[in-house]
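Student: I would like to learn how to read a model with two chains. Where do we begin?

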Amino acid sequence: MKSITRRVALVATLLLGPFMWSADTIKVGVLHSLSGTMAISETTLKDTVLMMIDRQNEAGGLLGKQLEAVVVDPASDWPLFAEKARELLEKQQVDVVFGCWTSVSRKSVLPVFEELNGLLFYPVQYEGEESSRNVFYTGAAPNQQAIPAVDYLMNDIGVKRWVLAGTDYVYPRTTNKILEAYLKANGVADEDIMINYTPFGHSDWQTIVSDIKKFGSAGKKTAVVSTVNGDANVPFYKELGNQGVSAEDIPVVAFSLGEEELSGFDTGPLVGHLAAWNYFMSVDAEINDEFIDAWLEFIDDDDRVTNDPMEAHYIGFKMWVEAVNKAGTTDATSVQDAIIGVTVPNLSGGMATMMPNHHITKPVLIGEIQADGQFDIVWETPGTVVGDAWTDHLEGSRDITADWMKPLACGNYNVKTGTCSGQNYE
Amino acid sequence: MKVAARSSTRIEFGRWVRSCLVVVVVAGLVPCFGVEEKSALDASFQGTVDLLKTRSFEEKAEAARAIAVHTHPRTLEVLTALLDAELYTERKTDRVVFAKGLEGGGFHIRDAVTGEELGQVGRRGAKKISVNNRLRGLLRGLIASIRLDDEDPDDRIAAAEAIADGADSSMREVLDTRLLVESDAEVIAAIETALVVFDLDATDETIRLRAIRASVRNLDGRVREKLTGISNDREASEAIQEAARETLESIEETVARYKTVETVFFGLSLGSVLVLAAIGLSITFGVMGVINMAHGELIMLGAYTTYVVQTLLPGGLEYSLLIAVPAAFVVSGLVGIGIERGIFRFLYGRPLETLLASFGVSLVLQQAVRSIFGTLNRPVATPEWMSGSFELLDGLSMTFNRLYILIFAGLIFAALVLVLQRTRLGLEVRAVTQNRAMARAMGIRSARVDALTFGLGAGIAGVAGVALSQLTNVGPNLGQGYIVDSFMVVVFGGVGNLWGTLVAGLSLGVANKFLEPYAGAVVAKVLVLVFIILFIQWRPRGLFPQKGRAAES
């Protein structure tokens with residue numbers, strides 16, 4: 001008896017499934033690793049999206065329907081990201097996906113989103129050189145983080161010698177390539193740039209720190225631009241502290257070190273070093289206070305922090321809601337057209353606009369690490385900066401532009417040859 | 001000139017306060033300020049302190065300078081609080097306050113000018129007055145300049161050194177002024193040393209030349225910076241440039257010599273970490289022949305034990321490591337015995353199954369830690385006595401944490417050798433390793449020996465975890481980073497030979513560190529691995545192969 005009912009229900013679901021879903025709820029996919037090495041950073045982003053969905057539902061949902069979260073776990077495994085993305089889009093029929101952290105995971109899901117015409121909001125700062133019709137980059141492009149940070153060091157601190165230290169993978173390598181070109185264009189000599197790569201999770205920094213010390217004692221103000229990834233930062237800063245390199249002598253500016261990472265650190269040796277982001281938890285704005293309160297209440301733990309990628313998801317979610325309202329449907333193509341030009345408030349008291357190249361406008365902030373794991377903002381850009389998908393500082397990328405507005409509608413239009421290669425990524 | 005005038009007022013003020021204190025002591029509690037005079041002073045100080053409430057760091061720096069020369073008794077306290085990020089503005093009244101963070105958010109605040117207790121406010125009740133690096137440097141200088149008039153000569157020496165470290169030329173006159181009134185010989189010497197740094201920029205040739213010559217022993221980076229500048233300075237005279245070049249050369253020579261010593265130390269310290277990580281494995285893999293892929297996780301358990309010990313003893317940071325070492329030994333050892341009794345003993349003589357099973361165990365342990373402690377790394381604090389560096393000679397220093405770990409590795413190794421050579425357990429272990437059947441025939445309970453040996457190896461891994469918690473992140477993945485290195489060391493040193501492990505670990509560490517400056521960290525590691533592969537081709541049994549019948553099996 002029971003099994004018959006179940007079978008009937010199953011058949012009915014299979015037949016009516018797609019209609020029922022579209023009738024009942026709008027599905028929001030969450031594609032963040034909840035296990036493996038990246039779980040440290042990505043779990044928080046999953047919770048952020050869940051909180052945004054909760055709040056949207058309390059405010060009456062979207063298009064008169066409730067939002068429903070579909071959470072999958074790609075387990076920090078890059079090929080699994082592609083499989084899970086396919087599952088979300090094909091099987092679960094989600095209308096939008098918020099997800100990915102590392103560049104390699106984004107590259108892995110990109111063909112899936114383009115094939116199935118999905119929508120992906122990517123919330124992390126990245127190396128640029130990409131613009132897909134299906135991806136919205138709510139994190140910083142190099143010109144919204146790395147370049148302004150270098151400008152700050154060069155103009156405000158008077159840095160003349162540069163150490164570019166990074167973990168050995170795609171984001172640091174590309175970013176350092178751009179920075180090196182940028183520094184040279186600004187008249188920095190070859191011998192004043194030292195580039196150093198270390199493996200993931202490197203823990204023995206003695207030689208490198210001693211080299212940096214030596215490099216920094218040549219009569220010119222020296223700074224370290226660090227794209228060192230998460231974990232390896234602790235022993236790095238510890239060694240700096242132990243060998244007596246203070247932030248006042250040789251400041252280190254980091255691009256991948258936020259409040260969340262700092263909460264697992266003994267922050268003593270880090271005080272005074274810098275980080276460049278587009279948002280800090282310490283930003284003094286009413287909307288930020290309200291967001292922090294909502295987050296602490298949602299996660300039910302007063303010790304938790306907010307960080308830059310969370311703000312990116314906040315902005316991305318608001319933009320998507322706005323675009324869906326504007327288009328009157330969750331259909332991917334309509335949302336893609338509607339979202340360009342959508343403007344929503346960011347958490348630092350300004351506004352963020354989705355540009356035709358699928359990147360957004362962001363303010364750039366430089367913060368100094370404090371003993372309590374927070375940042376004191378010491379510098380910020382006067383207004384917001386438009387994200388540049390294809391950097392102006394590299395040969396080959398200079399002539400390429402991204403514009404998804406009709407009639408161009410191309411992610412890599414070569415201005416010189418007047419052609420669109422059609423390939424959205426390298 | 002301006003600075004000199006300011007500091008002389010301050011010295012007079014210092015004397016005035018001192019005489020005032022005498023009056024207080026002599027006359028009981030008769031206040032030495034008139035009430036009105038005091039409030040006038042407070043009001044003027046209030047005005048100066050309020051200048052800090054600006055967003056511009058330039059203006060804050062101006063305000064800090066103004067505070068430093070103010071005659072109010074709370075100047076030092078305000079500047080120190082600003083430096084330590086304890087100076088806030090109360091949101092409601094917008095006045096400047098000292099704020100101490102409370103457990104669970106919120107602050108306890110105190111008026112910065114009057115020192116009056118103002119009770120508690122919430123998390124958003126006060127807003128920090130932020131400082132940046134440049135301001136921090138200035139504050140340190142200003143605080144030092146106030147301290148230069150301190151009662152205690154040691155404080156004055158420290159202040160003179162702090163001013164020299166800051167090398168802020170506006171501080172020079174502060175030193176000069178103090179020199180005029182200073183009477184303590186040691187302090188005078190400290191001030192004169194500090195002045196040498198400033199004299200490098202002197203306009204008088206003889207003074208400048210003398211300063212350059214006197215800097216030969218000063219290996220501070222800033223002095224080298226200055227000398228490099230002078231030797232390339234077209235405006236300086238030939239003699240000065242020449243002297244700067246010579247001094248610089250001899251400094252560079254010393255630095256290069258120290259660099260070699262430093263590299264050897266770096267190598268030994270990396271080696272000692274490898275030895276620590278590998279030595280437990282050397283017992284379980286080498287002596288018992290168990291390929292234990294979960295060895296790294298046993299190290300991780302030791303590191304987490306350190307975290308737990310520190311959490312349980314919030315006030316005992318300084319001695320927490322001393323408790324963590326035996327605790328980690330016991331925790332990892334017991335887990336090791338559990339694994340051996342529960343799994344490995346059924347798999348002896350089947351290396352492939354052992355390998356797979358132990359890999360499974362490693363995943364289970366990782367996920368268990370993740371479920372208990374969460375995915376985030378855990379902050380393990382470093383005690384005071386392990387931070388900073390030990391200055392062997394001027395310019396040649398060794399970081400304390402590495403130094404202690406080097407010594408610690410030596411102690412552990414010695415203890416282990418003693419256990420294996422001098423105790424009943426050691427004798428039984430060696431007997432079982434050499435010939436299990438014969439040992440059993442002699443009445444040795446080989447099963448018990450197996451469990452204890454494995455427990456010993458696992459316990460040593462836990463102890464290594466305590467040491468590693470001081471060097472790297474304590475997270476679920478801690479062990480994975482060390483497992484390959486550990487096997488490398490054990491195989492290179494010769495399976496079943498503790499001395500081999502020691503020699504292999506230390507020599508690999510030193511080799512790695514000598515290669516690193518030329519090849520970079522990534523390639524250095526690759527080269528070491530390639531070397532080991534070639535070496536194993538040549539001598540498959542490692543540096544110190546076991547000899548005799550035991551080796552054949």
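Student: How much area do chain B and chain A bury between them?

Tutor: Buried area is the accessible area (1.4 Å probe) that two parts lose on being put together, summed over both. Here chain B and chain A bury about 4,300 Å², with 41% of it on carbon and sulfur atoms. On the side of chain B, the most area is lost by B:Arg124, B:Asn133 and B:Leu376, together 13% of what that side buries. This is a predicted model: local features need pLDDT of at least 70, side-chain atom pairs count only at pLDDT 80 or more, and totals for chains, interfaces and linings use all residues. Residues are numbered from 1 along each chain as its sequence is written, chains are lettered from A in the order in which they are written, and side-chain values use heavy atoms, with hydrogens and water left out.

Student: How many residues of chain B are in contact with chain A?

Tutor: Contact means heavy atoms within 4.5 Å. By that rule, 55 residues of chain B meet 56 residues of chain A.

Student: How many salt bridges cross the interface?

Tutor: A salt bridge is a side-chain nitrogen of Lys or Arg within 4 Å of a carboxyl oxygen of Asp or Glu. The rule finds eight between chain B and chain A. B:Arg402 forms a salt bridge with A:Asp204, their closest N and O atoms lying 3.1 Å apart.

Student: Which element gives the largest share of the side of chain B that touches chain A?

Tutor: Helices are DSSP runs (H or I, at least four residues), numbered from the N terminus. The largest share, six residues, comes from α11(B).

How values were computed: Helix = DSSP H or I, 4+ residues; strand = E, 2+ residues; numbered from the N terminus.
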